Structure formats: C-alpha cells, structure tokens
Amino acid sequence: MQISDVDLKEGTLCYHCGDKCKSLDIQSGAKYFCCTGCKTVYEILNENNLCRYYDIDENPGISQKKLDSAAGSRYSYLDDPIVISQLTSYNDGKLAVASFIIPVIHCSSCIWLLEKLYRLNSGILQSEVNFVQKTVNIKYKPSEVSLREVVELLVAVGYEPQISLNDIENKVKYQSNKSLYYKIGVAGFCTGNIMLLSFPEYLAPIGSLEHSFKQFFAFINLLLGTPVLIYSASDYFKSAWNGLKQKSINIDFPIVLGLLVLFIRSAYEIITNTGVGFIDSMTGLIFFLLLGKLFQGKTYDALNFERNYKSYFPVSVTVTKGGTETSIPVTNLKQGDRIIIRNNELVPADAILFNGNANIDYSFVTGESIPVPKVQGEIIYAGGRQRGSVIELEVIRTVSQSYLTQLWNKDTFAKRDEDKFNSLVNIVGKYFTIFILLIASAAFIYWYPESLRTAINAFTAVLIVACPCGIALTNPFALGNAVRLLGRNKFFVKNASVVERISKIDTIVFDKTGTITKTGDADITFNGNVLSSYEQVLVKSLVRSSTHPLSGRIYDAIETKELAEITYFNELSGKGIEAEIEGSRIKLGSARFVSDAPEITHTNDLKSTKLDSRIFLSINNSVKGFFSVNNIYRTGLEDITSSLKDDFELVVLSGDNDGERENLYRYFGNSAWIKFNQSPQDKLDYIKELQAEDKRVMMIGDGLNDAGALKQSDVGVAISEEVSNFSPACDAILDAGEFQRLNKFIAFAKTTKRIIILSFIISILYNIIGVTLAFQSEISPLMAAVLMPASSITVVLFTVLATNIMAKRKGLQGKK
Amino acid sequence: MSVIVILIFFSVLVAGTFLAAFIWAVRNGQYEDRYTPSVRILFDDDKEELK
C-alpha cells in the first residue's frame with residue numbers, strides 16, 4: 001500500500017503553501033488547502049483584508065501540517081517577566097522592541113505580511129524584516145499587547161519564531177562586518193584621489209612636469225597613503241604578526257613585507273625629494289585585497305553553523321510546587337524540581353517520569369522519529385520531545401549536567417582550531433617569502449660593488465614587485481566564488497576554507513538514520529492476510545482519530561476515501577489504539593495489546609528498537625497481520641555510492657541495530673565499513689581512529705547524536721530537510737533534497753583547488769617578469785602601477801571565470 | 001600653481017564629504033541588510049488597498 005496521488009484531481013495544490021492536497025475536503029470559498037492549519041491562516045488574512053499576500057508570490061504560505069494546533073499553553077513562558085526582559089532589547093513600559101528569528105521567511109510575500117502586522121493587532125506599532133538574517137524586529141506597546149500575544153500572532157499567521165536559550169544568552173548574534181566597510185571606504189577614497197594625483201606623473205612626457213608640482217602631488221599622496229597603510233591594512237599586519245608569534249609564515253607576511261617596503265621607500269624618496277614613490281601601487285593593492293575579503297566574506301547569515309544544545313532548548317520550563325505552577329528559566333532548574341512537560345515540549349534536563357503517559361520523540365538526539373513510550377519511574381533524557389498528553393517529571397540532573405549537555409561540553413567537542421588547518425596558500429606563502437628574500441639579497445649583493453644606493457634600490461624593488469598580490473587574491477576570489485556557487489545549489493559551506501578542506505578528503509563517513517534514510521517518511525507495508533476494502537475503511541477510520549505519528553503514516557498509506565463512523569475510541573499510550581466501528585472491534589498496536597495468542601507475543605512489538613516497527617492489527621479479536629514501517633533510503637543513494645566508491649573509502653556508522661545490514665551492503669558494496677550500535681561517543685572515536693591513520697574524513701550526519709563526529713571530522717556536513725531550521729554544529733549544511741548531488745559538490749571542490757594552483761602559476765609568472773626587471777634595478781612607478789594591477793586583475797578574472805565554467809561542467813546549475 | 005593647490009584642496013574636500021556620507025551609511029546600518037529594502041520598495045502603499 002504505497003502512498004498514492006491517483007485519487008487526486010490532477011494534483012490540486014494548496015492555495016496557501018503550494019503543497020499537494022491529499023484530499024479536496026479542506027476548502028474555503030473556492031480555494032483548496034492541504035490542511036486545516038493553512039486554511040486557518042488564509043481565513044485570518046482574508047478577514048483582515050491582507051490577501052495581497054497571495055498575489056506577490058505564488059503559494060507563499062508555510063505548510064501548517066507539521067505544526068500542532070495545540071499551541072495554547074506552549075508560549076505561556078513568555079508571560080514571565082524575566083523571559084520578557086531577556087527577549088526585548090528595549091522596554092520602557094510604553095514601548096518595547098523585540099527581535100525574533102523566523103526561519104521560514106522565504107519570499108517577498110513573507111516580508112510584505114510580516115511588515116503588515118500592525119493591521120492584525122493595533123498594539124504592534126511597526127515590524128521590520130531582515131530577509132537575509134531571517135529576523136523580524138517588532139516595536140509594540142506592552143500596555144496593549146503582551147509579548148506572548150505577539151508571538152502567538154506570528155504563529156497564527158504561520159510564522160513561528162525560533163526562541164531558544166541560545167538566542168537569549170547571546171543576544172547579539174550577528175557579527176557585523178562594519179569595520180571592513182569602513183576600511184574599504186577609507187582605502188577607496190584615498191586610492192581614488194591618489195590615482196588622480198598620479199596621472200600627471202604617468203602621462204606627462206618625462207621632464208615636462210614642473211618639479212614643484214611633482215613634489216606637491218607626491219607629498220599629498222604620502223599624506224593620503226598613510227591612513228590606508230595604518231588603518232585599512234591593519235588586519236594584514238595583525239595576521240602576519242600572529243603568524244610570526246606562532247612561528248609560522250603565512251601569506252600575509254610577504255604582503256605586509258611588500259607593503260612596508262613600498263611605503264618606507266616611497267616616504268624616503270618623497271621626503272628627500274629624490275622621487276615620487278609608489279604610494280599609488282600600495283593603496284591600490286590594499287584596496288584590491290580588501291575587495292577580495294568582502295567577496296570571500298559572503299556568509300550565510302541566516303544559517304548558524306555554531307549551534308549547540310542551547311540553540312534547541314526551551315527558554316523556560318513550568319515547575320510545579322505544592323500545586324502551583326510557575327514558569328522559570330531552565331538554567332535555574334534544580335535537582336528534585338517537578339516539571340510539567342506538555343505536548344511537543346522538549347525535556348530540558350534528565351528526569352524521571354513521575355506522572356502521565358510519556359511518548360518521547362528522540363529525533364532531536366538520535367534522528368529516529370518514531371516516539372518511544374516510557375512508563376513511570378523510567379529516566380527520560382534531556383532532548384526528548386513529548387508527544388501526547390501532559391507529563392510530570394522529577395529532575396535528576398541539572399541542565400548543564402544532563403547526558404546530552406555533558407556530551408556537548410566535553411573537551412573533544414570543543415571547536416577545533418581553525419588556524420591549524422594549513423591552507424595551501426599559506427604553504428605557498430612560506431616558501432615564496434623565503435625565495436623572495438633570497439633573490440632580494442642576491443640583488444643587493446650583486447649591486448653592492450656599484451653603490452650602496454643602487455643595491456638598496458634593487459633590494460627594495462624586488463620586494464615591491466614580488467609582493468604576492470596575485471596569490472593573495474586567488475584564494476578569496478576562487479574559494480569565495482566556489483562558496484557562492486555551492487550555496488546556489490543548496491550546499492552551504494561555513495567559510496572558504498571548508499571548500500579547500502573538502503578537496504582533500506579521502507574518506508566519507510555516513511550516519512544512517514536521517515542521513516541516508518529519510519526521516520519522517522517511511523514505507524508502510526502490511527504483512528498478513530490481505531485486507532478487504534471494507535477492512536481498509538475500518539482501519540483508516542480508526543487511525544484518523546489518533547494523534548500518534550505512526551497512525552498518520554498508516555492513514556496516508558491506505559488508499560481508500562470512504563470513512564466509517566466511530567462509536568467508541570480509546571488510545572492507550574505505549575500500547576495502541578482501539579475502536580468500535582459499525583459493530584466491529586478493531587485494535588491496532590503492540591502484539592500483546594491486540595491479542596493474547598502466544599504465537600505472536602514473542603515477536604517484535606512496538607517497543608522494539610528494530611527499525612521496521614511492527615504494528616499489529618486485529619479485527620474482532622482475530623489477528624489480521626501487522627503493518628511494518630521500513631526506512632526509505634534517499635533517492636539517488638545508489639548513484640552516489642557507486643560513483644564515490646572508487647575514489648573514497650566509505651563508512652556507515654549507525655546508531656541502530658544491524659537490521660538493515662543486507663540493504664546497506666547492497667548500496668555501499670562489500671568493501672565498505674558498516675558499523676552498527678554506535679553511540680555518539682563511538683562515532684567520535686571512530687573518526688579519531690581514521691584520522692590517526694592519516695585519513696581526511698568527511699562526516700555526514702544529521703542529528704545531535706552525530707554532533708561530536710561532525711566536529712571531530714575534517715569536514716562535518718549536516719544534512720537537513722529544512723536548511724534554516726535545524727542542524728548541529730558543522731562546517732557545511734546540505735539540503736536533504738540535494739543529497740544525490742553530493743558527489744558533484746565534492747568533485748567541484750577538487751576542481752576549485754586545481755584552479756587555485758593554476759592561478760598561483762599565473763601570478764608567479766607575473767612575479768618572475770617583475771623580479772627580472774627589478775633585479776636590474778630598473779623599476780619606474782609607472783611600471784609598478786601597471787604590473788601590479790595587471791596581475792591582480794588577471795588572477796581575479798581567471799579564478800572567477802574558471803570556477804563558473806567548471807561549476808557548469810560539473811553539473812552545478814547556476815540558477816539563483 | 002596656487003590655483004591647482006586650491007582646486008586639489010576642494011576636490012579632496014568634496015571626495016571627503018562622500019567618504020563621510022559612506023561612513024554614515026554604514027554606521028546607520030544600511031549595509032547590514034542589502035536585500036530587504038529592494039523588495040520593500042516595490043510594495044504598493046497601504047492607502048490604495050484600503051479603498
């Protein structure tokens with residue numbers, strides 16, 4: 001029984017979100033919706049005359065299917081004054097300002113609607129969207145509307161803000177690069193003026209320029225050039241100095257050396273009135289370098305690569321004490337506190353189930369989305385999400401000492417030192433510096449017999465001309481462009497150095513659940529006696545009444561449209577559901593629940609950790625068989641593995657048991673390493689083992705259980721269904737839909753590296769020409785002014801064009 | 001000669017005001033979101049749809 005769209009009228013799309021409607025039952029006016037949530041949002045907008053929302057972009061809405069409608073008490077913690085003060089950036093009682101991250105912002109309609117919030121609630125004065133950062137900044141009157149109402153309004157129109165502990169603790173999340181803009185501004189201003197003032201020198205026939213003019217222009221140049229060197233180039237000085245402190249020479253060292261020599265020699269010439277110097281080349285070079293930095297600095301503001309558990313944990317939790325419920329910040333939770341967790345809330349600390357029926361979804365931690373039932377007295381680990389009724393828990397460990405958070409706080413999980421990675425450009429830079437210093441010294445020695453002056457001239461000329469501007473520009477432009485191209489294809493890398501690291505990997509480690517299998521999408525099959533169409537109707541009617549996620553899947557899997565009326569329904573948490581429909585008694589659930597017959601009770605029941613969970617069905621006490629839920633592997637997995645098999649060592653680390661062993665070997669081939677029952681620590685250790693064997697490892701995972709391995713690996717790739725929503729800390733985020741193109745992305749990274757090497761060769765050729773001339777001590781300002789920009793522009797053009805062309809050849813489309 | 005000195009002084013002054021304007025724009029946060037305003041400006045005014 002596969003999910004099928006056959007019974008749909010040519011795939012009607014939801015008016016609100018554009019998803020396929022599974023039935024035509026939900027409609028308002030002449031519009032069809034995929035779920036009641038979408039319909040509700042439409043009705044709110046319709047009432048308030050905000051339907052222009054639907055005209056700006058087609059089907060702009062956010063599917064409401066995954067959201068639970070029982071959000072009633074979910075935001076009660078927003079009434080807590082402490083939480084309010086943490087969330088608002090300004091609050092004087094009359095006016096308050098709060099900023100929310102709303103990951104689902106995706107089109108111009110979103111901007112339009114979110115900036116019209118004042119029409120939905122008069123207490124809201126103004127709302128402003130930052131599309132790139134996916135935030136909305138709301139000014140409201142706290143006397144008329146509470147923060148909770150603001151948030152609930154956002155939820156009601158389908159824009160659920162993401163409020164987490166992390167957002168509160170680090171309010172200023174956005175690292176603005178204002179200082180880079182200032183530096184570019186200053187450098188641009190000075191360079192432009194210096195160029196103008198240098199034109200007479202470039203163009204006038206030698207000797208025709210009046211000497212006093214020459215001197216005057218040169219002097220102004222020096223004046224304008226000084227702030228560029230001291231202020232705009234300050235980052236290069238810092239970086240070179242930091243390199244030296246760590247006893248290594250990076251690419252910034254020869255740059256700084258070249259800049260300093262340029263400046264000192266120019267200043268000397270100008271002050272002693274012996275020449276006009278090369279201030280124009282110096283400022284031009286700095287300006288170019290800064291532009292490169294800006295180009296490379298393209299980061300995905302909306303994506304957070306540094307998330308830890310705090311990004312996912314709730315801000316506050318309801319504590320019950322002597323019958324009264326209060327909401328306190330989770331950080332204040334103490335051992336022994338009784339907490340109340342409602343449907344869809346996250347358990348913030350390890351706790352013992354005290355009261356209620358727990359049905360814990362650990363998808364957050366393990367990637368496995370089928371909830372696990374827990375009985376009273378069992379420990380529920382932090383990170384689990386309750387599905388179902390309200391439960392009461394007793395905290396046994398504080399938030400910071402809970403299992404999951406402990407794992408995060410381990411030293412091994414601490415961020416690797418980015419600097420440790422020895423980028424190609426720095427290796428080249430090191431040898432380049434040594435080489436250039438040798439040549440410069442040779443020039444000095446060669447010319448010394450003639451005169452000290454000529455010798456110094458030759459020495460400085462070599463250092464000036466050899467300034468590796470081309471090499472320094474290669475990386476930002478080649479890698480920056482690669483980052484952009486990959487981003488367009490929904491493979492978001494954290495920064496440019498990640499692209500280079502990808503090009504070096506030789507081993508790829510996959511997590512299983514959620515990474516190579518799809519989460520939340522499973523193949524449901526029925527094993528046993530074939531169900532008659534009437535029986536199908538009965539089962540479909542039964543599961544329709546249940547909120548259990550498996551019920552929803554079975555509902556989707558049964559291809560019948562008729563439904564029967566239920567006269568009795570009961571849901572026993574952790575066991576199953578039963579109902580009386582048209583005189584028949586239907587039970588669906590664990591083996592023990594549906595029948596006492598011994599022959600099936602010893603087989604797997606719902607509690608089994610086995611992947612293909614079995615849900616037994618009995619009608620009028622006779623067991624008909626069971627539904628089994630099998631994981632679906634991602635589309636294209638076979639192509640990916642077969643194309644990667646030859647070039648990379650493939651490893652699968654699964655947190656589950658070996659039920660899928662056969663399938664995995666079929667996909668990955670018999671040479672692959674496949675390990676089962678891997679705890680988060682095991683995964684981390686295994687990656688370390690591989691690295692100890694000198695392997696460069698790319699880890700691909702999804703859940704927080706992979707977080708350690710993702711950090712330990714050379715390149716940690718988080719795969720995510722909703723890129724802006726959820727991902728553990730990593731180096732790159734891959735949209736789940738683009739999984740089948742992983743091999744192309746890796747191939748492109750490797751090509752980028754080849755382009756960089758080629759570009760280095762081009763730039764070194766320029767340097768050789770320059771150095772040959774400089775060695776003869778013949779270097780005019782004009783020549784320097786032509787040679788340096790020429791090499792820079794060649795390199796920039798080459799890298800950008802080459803990466804674009806190769807991206808097309810490697811099958812990365814260039815669409816936006 | 002002195003004319004050129006005055007001219008250069010003024011040209012640098014004019015360029016300087018542009019630099020100041022740029023720095024003001026950056027400080028004002030205009031470079032923090034380089035996308036949203038481009039969309040926002042295309043939305044029609046409220047009055048028209050309330051008619």
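The secondary structure of chain B comprises 3 helices and 0 strands, and its elements follow the order α-α-α from the N terminus on. Of the 51 residues of chain B, 2% count as buried.

The confidence of the prediction was considered next for chain A. The average pLDDT of chain A is 79, and 84% of the residues score at least 70. Over residues 413–420 of chain A, the pLDDT is below 50, and this stretch has 5 contacts in the model beyond near neighbours in sequence. Residues 598–612 of chain A also have pLDDT under 50; for these residues the model has 30 contacts beyond four places in sequence. Where pLDDT is low, the predicted coordinates should not be read in detail.

Chain A contains an open sheet of 6 strands, in the order 8-7-9-15-10-13, with antiparallel pairing. Strand 8 (324–329) and strand 13 (379–380) of chain A each have a single partner strand and stand at the edges, so one side of each is left without a neighbour in the sheet. The partner of strand 13 of chain A is strand 10 (residues 351–355) of chain A, to which it is joined by 2 bridges in the antiparallel sense. Within this pairing, A351(A) stands opposite I380(A) of strand 13 of chain A.

Parallel pairing is found around strand 26 (residues 697–701) of chain A. Strand 17 (residues 507–511) of chain A pairs with strand 26 of chain A in the parallel sense over 4 bridges, and T507(A) stands opposite V697(A) in strand 26 of chain A. Strand 26 of chain A is also joined by 4 bridges to strand 27 (residues 715–720) of chain A, again in the parallel sense, with G701(A) opposite A718(A) in strand 27 of chain A. Strand 26 of chain A is mostly covered, 5 of its 5 residues being buried. In a regular strand, side chains alternate between the two faces of the sheet. In strand 26 of chain A, V697(A), M699(A) and G701(A) point one way, whereas M698(A) and I700(A) point the other way, and all are buried.

The largest nonpolar core has 126 residues, and those with the most contacts inside it are V462(A), V509(A), M698(A), V717(A) and A732(A). Helix 28 (residues 742–775) of chain A gives the most to this core, with 12 residues. Because domain 3 (176–297) and domain 5 (489–518 + 634–749) of chain A both give residues to this core, it lies between them. When residues up to four places away in sequence are not counted, V717(A) touches M698(A), M699(A), I700(A), C730(A), D731(A), A732(A) and L734(A). Another core, of 64 residues, lies apart from the largest one and has among its members Y75(A), W112(A), I124(A) and L393(A).

Two individual positions in chain A were also examined. A564(A) is found in the loop between helix 21 (549–557) and strand 19 (566–572) of chain A. This residue is partly exposed, with 17 other C-beta atoms within 10 Å. Not counting residues up to four places away in sequence, A564(A) touches V537(A), L538(A), S541(A), I581(A) and E582(A). A564(A) and A774(A) are 210 residues apart in sequence, and their C-alpha atoms are 92 Å apart in space.

L125(A) counts as partly exposed because it has 16 C-beta neighbours inside 10 Å. Leaving aside neighbours within four places in sequence, L125(A) is in contact with Y118(A), K139(A), Y140(A) and K141(A). A separation of 58 Å lies between the C-alpha atoms of L125(A) and S618(A), which are 493 residues apart along the chain.

Key: Residues numbered from 1 in each chain as written. Chains lettered and ligands numbered in written order. Predicted model: local features only at pLDDT ≥ 70, side-chain atom pairs only at ≥ 80, totals over all residues. Pairing = 2+ DSSP bridges. Buried ≥ 20, exposed ≤ 12 C-beta atoms within 10 Å, placed from the backbone. Core = buried A, V, L, I, M, F, W, Y, C linked by C-beta atoms within 7 Å. Domains from an automatic or database assignment. Contact = placed C-beta atoms within 7 Å. pLDDT = per-residue confidence, 0-100.
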